[in-house]
Amino acid sequence: MPVTDLSPVRGEDVPPDFSSGADVLDSPAAPAVPTLFRRSVKRATAPVLAAVFVLSVWQLAALSGLFPRLPSPVAVLDELAKLLRDGILLPALGQSLGRAVTGFAAAVLLGVPLGLLVYRYGAVRTVLTPVLAAFQSLPAAALVPLAVVAFGESERSVYSVVLLGAVPSLSLGVVGALDQVPVLLRRAGRAMGATGLRAFRHVLVPAALPGLIATLRQGWTFGWRALMTAELITSTPLPGVGRILDTGKQADSFALVMASVALILAIGVLVEAMVFRPVEKRVLYHRGLLV
């Protein structure tokens, strides 16, 4: 009996080999892990492009002649360089950042426990919530005269303005974050014996953690704005960035005013990018809410 040769003839299409079956799908390919340099470049691309866009629009607006008093970015950089040469810039930055960090820490120590108290007891919530909401809506410029009358133009008046600006925001933010915890989680915690402080530690705080981080960010923003307002209006022995802004206003120097505003914005952006955003991304990543 003749044997039929089933081997493929040269030139014919050879069907793919499926002998490995679905095992090929089970062996994951090694992911291409980007280097630290590539990750850094990727993260810095968007901020750099945004800065280039803003500076370009700013330069075009200065050259257009539509805003005769608008200084160019180069003129503002010259003012910053002059402040640095005169020994004013670094001490002012250090003083403002020191006040901001100290005031924010004090606001957290006061505002977070107050928020927990308001959340826990209904009578306290009924009494204090309208008061906190009223102070939160009050502009920082209105708080400065109160602080100056109470403490004079001193460091205490500056810190009191920061506290009055940040504590209500922190307290109401803590209450709002805890109120958003699903009822089923609370019931499950009680069923497992998590009551009182254990419920706060093991159920409420972990569940409300993203909202609490947003609350801290908002409290920092309110405190930073209040601090700049207090430094701008009050006279303290150790001036900060707000005093530089007031000096530019008194000297009618648009370039110095713009330089001060650029410093205030830069500090806000750096704190957001280096502190709050990484913490928020880490929490969201561990919650499975961020790839």
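**Reading confidence, a pocket and a helix**

Me: In residues 6-11 pLDDT stays under 50; how many contacts beyond four places in sequence does the model have for them?

Reply: Where pLDDT is low, the predicted coordinates should not be read in detail. This is a predicted model, and for residues 6-11, where pLDDT stays under 50, it has one contact beyond four places in sequence. Over residues 18-27 pLDDT likewise stays under 50, and there the model has zero such contacts.

Me: Which helix has the lowest mean pLDDT, and which the highest?

Reply: Among the elements of the protein chain, helix α1 (residues 23-26) has the lowest mean pLDDT, 47, whereas helix α4 (residues 89-120) has the highest, 93. For the protein chain the mean is 82, with 84% of its residues at 70 or more.

Me: How should I read the largest pocket, and which residues are closest to its centre?

Reply: Rolling a probe the size of a water molecule over the atoms shows where empty space is left. Here the largest pocket holds about 660 Å³ of space, and of the 19 residues that line it, Ala51, Val54, Ala262, Leu265 and Ala266 are the closest to its centre. Helices α2 (36-64), α3 (73-85) and α12 (254-286) each supply at least two lining residues, with the largest share, nine residues, coming from α12. By class, the lining has 19 nonpolar, no polar and no charged residues.

Me: What span should helix α7 have, and where does α7 bend?

Reply: At 1.5 Å a residue, the 25 residues of α7 (residues 155-179) should span 36 Å, and this agrees with its end C-alpha atoms, which are 36 Å apart.

Key. Residues numbered from 1 in each chain as written. Predicted model: local features only at pLDDT ≥ 70, side-chain atom pairs only at ≥ 80, totals over all residues. Heavy atoms only, no water. 1 Å grid on protein atoms, 1.4 Å probe; cavity = no way out; pocket = protein on both sides within 12 Å on 5 of 7 lines; lining within 4 Å. Points joined across faces, edges and corners; volume = space filled by probe spheres on them. Helix = DSSP H or I, 4+ residues; strand = E, 2+ residues; numbered from the N terminus. Nonpolar A, V, L, I, M, F, W, Y, C, P; charged D, E, K, R; others polar. Expected span 1.5 Å × (residues − 1). pLDDT = per-residue confidence, 0-100. Contact = heavy atoms within 4.5 Å.
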